[in-house]
Amino acid sequence: MNTPAYNFAYLDEQTKRMIRRAILKAIAIPGYQVPFASREMPMPYGWGTGGVQVTAAILGPSDVLKVIDQGSDDTTNAISIRKFFEKTAHVATTTRTQEATLIQTRHRIPEAQLHGGQILVYQVPIPEPLRYLEPRETETRRMHALAEYGLMHVKLYEDIARFGHIATSYAYPVRVNDRYVMDPSPTPKFDNPKMDHCPALQLFGAGREKRIYAIPPFTSVVSLDFEDHPFTRYRFDAPCALCAAEDSYLDEIVTDDRGGRMFVCSDTDYCESRQKLGHRGSERVAPHRGGAHG
Amino acid sequence: MAEAVTTTSLTAEDRPLLIAERLGKNYGRITACREVSFELYPGEVLAIVGESGSGKSTLLQLLSGQLAPSAGRVSYRMRDGVMRDLAALGEAERRFLFRTDWGYVHQDPAMGLRMAVSAGANVGERLMAIGWNHYGRIRDTAATWLERVEIDLARIDDAPRTYSGGMRQRLQIARNLVTEPRLVFMDEPTGGLDVSVQARLLDLMRNLVSELNLAAIVVTHDLAVARLLSHRIMVMKGGLVIEQGLTDQVLDDPSEPYTQLLVSSILPA
Amino acid sequence: MTAMIDISNAEKSFIMHLQGGIALPVVRGVSFQVNAGECVVLAGPSGAGKSSILKMIYGNYRFDSGRIGIRHGDGVLDLASAAPRQILKLRRDGIGYVSQFLRAVPRVASLDVVAEPLIEQGVARDIARGRAGDLLRRLNIKEALWRLPPSTFSGGEQQRVNIARGFLAQRPILLLDEPTASLDAVNRAVVVDLIQENKRAGVAMLAIVHDDEVRRRIADRIVDVTSFAAAA
């Protein structure tokens, strides 16, 4: 038998300490990117190593973990990360948002209202909101330090000049606690309002870029905009095909090779919960749906 | 005779805007410039001329606070009237100054522009940096300035990557002037441009400087540019100021041997 | 009468460093005064230093010793010790200069060349251009030429643009270097009238004029420059 013995949640305790210190700093300075010594994880960069390290550092034996990828509990990445923590921490896992104490997510915020005591951990590819406008790290650090955010508005201006409206539809920059401008990770801008005064703690981990940032509960998070081009949420034309929800973010699912498609909730747990309560959309059964995980 | 006369207040004009006192910079044993002293008043254009290696570019960097002096100091009168030593300003203050009350026109416009961002955004950036939050107003102000530097308004949404050299330089000027600075630094502003383009640019700069009552410090190796643009001139050689005074006087009645050499070296048109 | 221009014992030489440092004396012992409302004419052979004296008074040439005092506002400006900005201010409000040859900024329309000194004094652009046009018309420059830069004009036309530029902004002192040199009789008469008008308005004028007839009509005093010629 050569099965290696892992420390609880894979990371050694010293590393967890280091990450927790970074998290505490991040919570103390909402929206500020704290550098941390990102460890080598058993998955490549770009697959959520930042989020996994944050989760690993704060996970406890009594936690109930939910992992979603683009809102779904049963995509490959969600499943593999959930299995990773099941194996290395033997924690309870769930797909029910309301039952989870710790939710790791890639690129979506759950539709269900989060409550106090929950922690939402985001996987972040590029933490620096100004990166594509100003490639120099030395310069962006100065800009954050001096709150020089004119450049951010330049990006929004460009969108309006080119497209007539602010065309950023995901990773929409926000101003946290009236101070730091932050990239909320590639969540759709539809989700931005959920971040504002959220009762849960929001943590953000970027493994490759080696940054952690945080939004404490009940912190103001305002999406950047212009007075004459205010921030608007995306509105879909029709409700979810399965549960008829009108207020959730929808995925487009291709149903056949003749151009058939339908729009269903991206948040699978939300959709299933509504269906259990009797809500029905125009379609009966979603294609290729596996059984719920316990 | 009664007429519509607008005069700027004498008291403001009588106080120097920028004072350099025994300014010097050396790198180890190499002296880039030394013992430079002068006072610049509002609305005055000072040309710093010299050949390469004269120290004029280093001097410009010192005067604009981008290099710390090895000796002496530079003081600037802020908008509230208080004279401040540039070296004593905090970084935030200096950067703010650089974006609002000062302009800096680089020889290569690509250094002073965001090449991948539209002209309108280039001009509007300084406004957004000081808190302007209304897209329509930002765009209108940018458009006004583009007109003022004679850039076709139809190009407002084009990136300067698509502009010619002369247009880029004019855009750089607009970008600098949008916050109505009182002092503009220019480093060989017409260098590298075709002669006809240079001419047009110089005319524009001349008009803007006089309309806006700008003070300017222009580094150039071209005496014709100095004669056209500046009221006062400083001739540098080997890091020292060889001669300084009224531009027409220094160029028409040069006293120092080096100045006489420079003036006589100009090829007649 | 308090003098508007007061030169006493001014001396100047050119040191030609490129020619081995030889000294070229220009003038020495220059002393005279010009009062408000009078026109003093500098007389003497060419090369005697007349234009140089004008340039020294305008601050365009330095001088090596002596004193040049210019009445400006309430006080007297000592040119030897004046700061550049004081001389710039003097030129804007206190002294006008019609040089022998028009040295205009290229590509600027002649109307704007003429109007510029008035605009610098603070007059609104359209008013200044209107007055510039009036003066150009008086000097017989056709309106069609106003949009053009003067570099393409004839010598006489350029000189008239130069004169208009010098006379347009009202300044208490005027320096005139051969104002009628390239002009025909008609325009000479116009310039003489302009000079008389300004004299009556109290302007102090110092002029270099070769034409005997013009000199006779405008000069209140003649200062012979040969006595200032520096020994060779």
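Modeller: Two strands pair if DSSP finds at least two bridges between them, a strand being a DSSP run of E of at least two residues and a helix a run of H or I of at least four, numbered from the N terminus. The model is predicted: local features need pLDDT of at least 70 and side-chain atom pairs count only at pLDDT 80 or more, whereas totals for chains, interfaces and linings use all residues. Residues are numbered from 1 along each chain as its sequence is written, with chains lettered from A and ligands numbered from 1 in the order in which they are written.

Biologist: Why are β4(B) and strand β5 of chain B said to pair?

Modeller: β4(B) and β5(B), residues 83–85, share 3 bridges in the antiparallel sense. Pairing requires at least two bridges, so the term applies. In β5(B), D85(B) is the bridge partner of S75(B). The hairpin of these strands has 5 residues between them, and there G81(B) takes a positive phi near 95°.

Biologist: What makes β1 and β4 of chain B a pair?

Modeller: Strand β1 (residues 18–27) and strand β4 (residues 71–77) of chain B are antiparallel, with 5 bridges. L18(B) faces Y76(B) of β4(B).

Biologist: How do you know that the length of helix α6 of chain B is close to what is expected?

Modeller: Helix α6(B), residues 135–148, has 14 residues. The expected span is 1.5 Å times one less than the number of residues, which gives 20 Å, and the helix reaches 20 Å from its first C-alpha to its last. Just after α6(B), E150(B) has a positive phi of about 60°.

Biologist: Which residues of α6(B) are buried, and what puts them on the same side of the helix?

Modeller: A residue is buried if 20 or more other C-beta atoms lie within 10 Å of its own, exposed if 12 or fewer, and partly exposed in between, with C-beta atoms placed from the backbone. In α6(B) the buried residues are Y135(B), I138(B), R139(B), A142(B), W145(B) and L146(B). The directions from the helix axis to their C-beta atoms cover an arc of only 125°, so these residues lie on the same side of α6(B). They pack against α5 (150–163) of chain A, and against α5 (119–129) and α7 (165–177) of chain B.

Biologist: Why is chain B called as compact as a globular protein of its length?

Modeller: Chain B has 11 helices and 10 strands. The radius of gyration is taken over C-alpha atoms, and the globule rule is 2.2 Å times the number of residues to the power 0.38. For the 269 residues of chain B the rule gives 18 Å; the radius is 19 Å, close to that value, and the description therefore holds. Of these 269 residues, 48% count as buried.

Biologist: What makes chain C as compact as a globular protein of that length?

Modeller: Chain C comes to 7 helices and 9 strands. The radius of gyration is 18 Å, close to the 17 Å that the globule rule gives for 232 residues, so the wording applies to chain C. The share of chain C that counts as buried is 44%.

Biologist: How many residues of chain C are in contact with chain B?

Modeller: Contact means that the C-beta atoms of two residues, placed from the backbone, lie within 7 Å. By that test, 17 residues of chain C touch 23 residues of chain B. Helix α2 (residues 84–93) of chain C gives the most to this side of chain C, with 4 residues.
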